[in-house]
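Reader: I would like to learn how features of a protein model can be read carefully from its coordinates. Could we take them up one by one, with the general idea ahead of each case?

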Amino acid sequence: MTTNPNALLHRRDVVNELLRDRADLLVIAGLGAPNWDVSAAGDHPNNFPLWGAMGGASMIGLGLALAQPKRKVLVITGDGEMLMNIGSLASIAVEAPKNLTIAVLDNERFGETGMQKTPTAFGVDLAAIATACGIRTSRIVRTQAEVTELRDLAHEGRGTAFAQIKINPEALAFVMPPADGVILTTRFRQSVLGDEALFN
Amino acid sequence: MAEAAKSRGEAPAALPTWPDEIYRVLKDAGIRQVAMVPDAGHSRLIRSFEADPETRVVTLTTEEEGVAMLAGAWLGGERGVLLLQSSGVGNCINMLSLPVICHMPLLMIVTMRGDWGEFNPWQIPMGQGTRPSLEAMGVIVNKVDEPDLVASAVQGAAHLAFNTWKPVAVLLGQHVLGAKNFKELARK
């Protein structure tokens, strides 16, 4: 186990790498810091950053991945958000869409509420849970080189992938996307589905 | 529908026709994703969707997963339906923020417990709380107690949801489903 926080990855380095040359990648960002991280990498109509709906990010990813099998879907969320609906990993493993990757930024903390420890701080192994659910490509990521591998997996979409990325519990400046859910929904649908989405 | 008509002709008391009718209504509404936690009242409809290569049936570990999943489906241009029992409505409450604040359609078909004819006292709190909880979250609710009205209720709810981007729930009452009596079963 890594205990030296200086050896931990920095969350925005991780997200910038995951989104490098993002092309037509579709991104769901979990509420809180993962939302700000994805937004810091650049606001984009193909982002659906959550401001609430805690526990829903990975299942939004599933519904989207099933609806858009030719596109690649990347869910970037936090350990607290993932833990809130950990059963989602069972539901997703059964469906196993090839085009879905779930990247959990694991700072072992509830960051927005005072940095209280989450169960992962006590050794709960999300990657092992994902493996046990049946997601065969599931790993703990501790280096930028492994982040690059994960980025390639997400962009190639050769099978459902899950990663628990150990990151520094640093508190960074908020970088916010639009907060209006109608704007976020409409621009995402218009980008993915074309202008027809505005009439349906 | 042929099967439904057949069941009407040959065994009128055995098989209700509304599950086949709402399968047809949901197909006509363009439903492609079915998210569900099973309930006995939905079993026939679930079998119809499972036999249909055009629809994807996803079994959830808790109903709120389905609210999120169908939001993702909508973002990707597909329509879905959430099938659940009234007890599962309680599991959805905060996740309903998502379709409400984003103006996304959500079609829920809820089989009721804790209502007319209920034998299990533990079903009462959520059964009686189903409608007020949904309405408190901004979901439009339509309850049906007559088997003959189920199909039109679901059709109307689908139109309402997908044409006005609202979460809509149809509650199927125990008049429609038939109330179980486990105490009688236990005596056998």
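Reader: In which loop is A:Ala23 found?

Author: Helices (H or I, at least four residues) and strands (E, at least two) are DSSP runs, numbered from the N terminus. A:Ala23 is found in the loop of chain A between α1 (11-18) and β1 (26-29). This is a predicted model, in which local features need pLDDT of at least 70 and side-chain atom pairs count only at pLDDT 80 or more, while totals for chains, interfaces and linings use all residues. Residues are numbered from 1 along each chain as its sequence is written, and chains are lettered from A and ligands numbered from 1 in the order in which they are written.

Reader: What is the phi of A:Ala23, and is the residue buried or exposed?

Author: The phi of A:Ala23 is positive, about 50°, although the residue is not a glycine. For burial, a residue is buried if 20 or more other C-beta atoms lie within 10 Å of its own, exposed if 12 or fewer, and partly exposed in between, with C-beta atoms placed from the backbone. A:Ala23 counts as exposed because it has 8 C-beta neighbours inside 10 Å.

Reader: Where does B:His103 lie, and what is its phi?

Author: B:His103 lies in the loop between α6 and β4 (106-111) of chain B, and although it is not a glycine, it has a positive phi of about 50°. With 15 other C-beta atoms within 10 Å, B:His103 is partly exposed.

Reader: How far apart are A:Ala179 and A:Pro49 in sequence and in space?

Author: The two residues are 130 residues apart in sequence, and their C-alpha atoms are 8.7 Å apart in space. A:Ala179 has its place in the loop between β8 (161-166) and α8 (181-193) of chain A, and it counts as exposed, with 11 C-beta neighbours inside 10 Å.

Reader: How should I read the packing of two helices, and at what angle do α2 and α8 of chain B pack?

Author: Axes are lines fitted to C-alpha atoms, for helices over the stretch in contact, and angles run from 0 to 180 degrees between N-to-C directions. Helix α2 (residues 18-28) and helix α8 (residues 150-164) of chain B pack at an angle of about 20°, with their axes 9 Å apart. Angles under 35 degrees count as roughly parallel, over 145 as roughly antiparallel, 65 to 115 as roughly perpendicular and the rest as oblique; α2(B) and α8(B) are therefore roughly parallel to each other.

Reader: Which residues of α2(B) and α8(B) meet?

Author: Two residues are in contact if their C-beta atoms, placed from the backbone, lie within 7 Å. From α2(B) come B:Trp18, B:Glu21, B:Ile22, B:Val25 and B:Leu26, which meet B:Val150, B:Ala151, B:Val154, B:Gln155 and B:Ala158 in α8(B). The residues of this contact of α2(B) with α8(B) divide into eight nonpolar, one polar and one charged, where Ala, Val, Leu, Ile, Met, Phe, Trp, Tyr, Cys and Pro count as nonpolar, Asp, Glu, Lys and Arg as charged, and the others, Gly among them, as polar.

Reader: At what angle do α2(B) and α3 of chain B pack?

Author: α2(B) and helix α3 (residues 43-50) of chain B pack at about 45°, with their axes 8 Å apart, and they are therefore oblique to each other. The contact is made by B:Pro19, B:Asp20, B:Ile22 and B:Tyr23 of α2(B) with B:Arg44, B:Leu45 and B:Ser48 of α3(B). By class, the contact of α2(B) with α3(B) has four nonpolar, one polar and two charged residues.

Reader: How many residues does the contact take from chain B and from chain A?

Author: The size of an interface is often given as the accessible area lost when the parts come together. Counted by residues, the contact takes 26 from chain B and 29 from chain A. On the side of chain B that touches chain A, β2 (56-59), α4 (63-75) and α6 (97-102) of chain B each supply at least two residues, and α4(B) gives the most, with nine residues. The residues of that side of chain B divide into 13 nonpolar, nine polar and four charged.

Reader: How many helices and strands are there in chain A?

Author: Chain A has eight helices and eight strands, and buried residues make up 49% of its 200 residues.
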